[in-house]
Amino acid sequence: MLPGELKTVEWQGKPVWILRRTPEMLASLKKTDDLVADPESLRAKQPAYIKGEARAIKDEFFVCEGICTHLGCSPTAKMALGSESGISDSWQGGFLCPCHGSLFDLAGRVYKSMPAPDNLVVPKHTYLSDTRLLIGEDSKES
Amino acid sequence: MQKQAQQLLDWVDARFPLTFLWESQWGKYVAPKNFNFWYIFGSLAMLVLVIQIVTGIFLVMHYKPDASLNAAGVPVAFASVEYIMRDVPGGWIIRYLHSTGASAFFVVVYLHMFRGLMYGSYRKPRELVWLFGVAIFLCLMAEAFFGYLLPWGQMSFWGAQVIVNLFGSVPLIGEYLSLLIRGDYVVSDATLNRFFSFHVIAIPLVLIGLVAAHLTALHEVGSNNPDGVEIKKQPKDANGIPLDGIYSHPYYTIKDIFGAVVFLFVFAAVVFFMPEGGGYFLEFNNFIPADPLKTPPHIAPVWYFTPYYSILRATTSDFMLWLGVFVLIVGGLSFFSLRHKLAKLAAVGVTGVLVLGFIFLDAKFWGVVLMGVSVLLFALLPWLDRSPVKSIRYKGSLYKAVLAVFVVCFVVLGYLGILPPTPVGTIVSQICSILYLGFFAFMPWYTAMDRTQPEPERVTWQ
């Protein structure tokens, strides 16, 4: 995967996203900390080994279910920054749900006062090797 | 020859009440003589029901409710609809009749309901006619919703996804409820199969039963009319017919045939020249096969659901405060207006429970409730309207103004429901939602305050 690339795979009939985040993308999460409803993902559905603002085992690779926590539409990636995105002048990149307009940042964290109540769900996943990812199971050790 | 026909009829009548049924339900059914334009939509609804059933029978012969992919990688259900459109002889017209019929059904039914609102057709003694009608409206919405999944296009899939997930917001049982409706954890082949079953057998059976009940009740109590005059109370002529009454046959047979002809002109024009209805009757995104991995950039329900969809979208967490104030006002008014002590207590109890619910339960849940309530409120009209007269012709300017506001709100909500959500649109739809609810909630007071004119003895008729 190229830096910044988003890949969608099907798991349990649902889209799962794998986003390879660039250092700039990861840095943007600091800026969105104040804008999102649950920056530490305390309420979010995610395995215990997913923590902090990056919400990933390896910060570079963000894995989550591409299903809005509101009514289950699949949000659209809006990677263009600022006014180019058509969302706001300070847009840091993220996702927009086409159904009811919920916004999420690059760690799937929902912005404040959106229809969606929670951050996007991170499924169980584990790295079988540096290049192979298994979705749906935890690693043996954890 | 005529003698033999009469003998045959006598033979049947001795064994089955054929003549009786014909005469009581239509032939000798006495209706007021002053029906106007607004009185054709009942028979048109029957016509559309027949069109839907007949075309539906032929569609089921070729349609396959199967979400698996065929050799070309297209879902079988979607491909079978394309097959009907391209390969089945006459398939395209059968399907366009059915899809246009769905929209026509709602056009006709909304106008039929508006007629009822204008002339007070829900008032005593027609409460049951009205309640059967509300049940028909509910069935129609369910029928349309289940049918919309069948082509298995993008809008089918994501529309069902959103609506089924709505039920997930019901406290405690929500998750289980949406699982029960879907038959799976995601909208899938299981969902498609059960929606097909509901669309072609379960709901139509109930619908036909309700239509029969609606008509039987109507022919028992007699039709209302644009003056709201009860012709049954009038003196009768030599034939035992009320002064302002006429037989449905041949008078209204002719009128209804004329109405059907005009309707079919418009209907055929849509079927032949604009079957997609500009993307409102058949949505453009639904010509793309269902893709569980990608939601279309803009999803909206078909036009006839948009007023209720707008009410659903308007119910955000900010809106709950408005709604709380609204319920407190209605509750307070009820408390001071109701005489009976138990009724007063009930008003306080219901208001309290609602306000607590608004505070502790999700706005998402209340959106679903409000959407359901805004449909069901029609059922209460016979008991909410306290005007001494039925028809808008003799009601005062207050009622006319309120009804006009209600209709404007309904149309605005419908229009906003087809657009993507915007901050201004949300505020406008919140105002319209409150006014929509207010039409029903404040009806006992404004209909009692309204300055009406006395109803005449005879109907007005030129």
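The structure is a predicted model, in which local features need pLDDT of at least 70 and side-chain atom pairs count only at pLDDT 80 or more, while totals for chains, interfaces and linings use all residues. Residues are numbered from 1 along each chain as its sequence is written, and chains are lettered from A and ligands numbered from 1 in the order in which they are written.

Helices (H or I, at least four residues) and strands (E, at least two) are DSSP runs numbered from the N terminus. In chain A, strand S1 (residues 6–11) pairs with strand S2 (residues 14–20) in the antiparallel sense over 6 bridges; two strands pair if DSSP finds at least two bridges between them. S1(A) and S2(A) form a hairpin with 2 residues between them, and Gln12(A) in the turn has a positive phi of about 50°. Within this pair, Val9(A) stands opposite Val16(A), and Trp11(A) stands opposite Lys14(A). S2(A) is also joined by 5 bridges to strand S3 (residues 61–65) of chain A, and these two strands run antiparallel. The bridge partner of Trp17(A) in S3(A) is Cys64(A).

An open sheet of 3 strands in chain A has the order S4-S5-S6, with antiparallel pairing. Strands S4 (76–78) and S6 (103–104) of chain A stand at the edges, each with a single partner strand, so one side of each is left without a neighbour in the sheet. S4(A) is joined to strand S5 (residues 94–96) of chain A by 3 bridges, and Ala77(A) stands opposite Phe95(A) in S5(A).

Chain B has 18 helices and 2 strands. The radius of gyration of chain B is 25 Å, close to the 23 Å that the globule rule gives for 462 residues, so chain B is as compact as a globular protein of that length. This radius is taken over C-alpha atoms, and the globule rule is 2.2 Å times the number of residues to the power 0.38. The C-alpha trace of chain B spans about 75 × 70 × 40 Å along its principal axes. Two residues are in contact if their C-beta atoms, placed from the backbone, lie within 7 Å. Among contacts in chain B between residues at least 6 apart in sequence, 78% join residues at least 24 apart.

Two packed helices are described by the angle between their axes and the distance between the axes. Axes are lines fitted to C-alpha atoms, for helices over the stretch in contact, and angles run from 0 to 180 degrees between N-to-C directions. The axes of helix H11 (residues 306–314) and helix H17 (residues 423–441) of chain B come within 9 Å and cross at roughly 110°. H11(B) and H17(B) are therefore roughly perpendicular to each other; angles under 35 degrees count as roughly parallel, over 145 as roughly antiparallel, 65 to 115 as roughly perpendicular and the rest as oblique. Among the residues that make this contact are Ile311(B) of H11(B) and Tyr436(B) of H17(B).

The contact between the chains takes 20 residues from chain B and 17 residues from chain A. The largest share of the side of chain B that touches chain A, 5 residues, comes from helix H7 (residues 154–167) of chain B.
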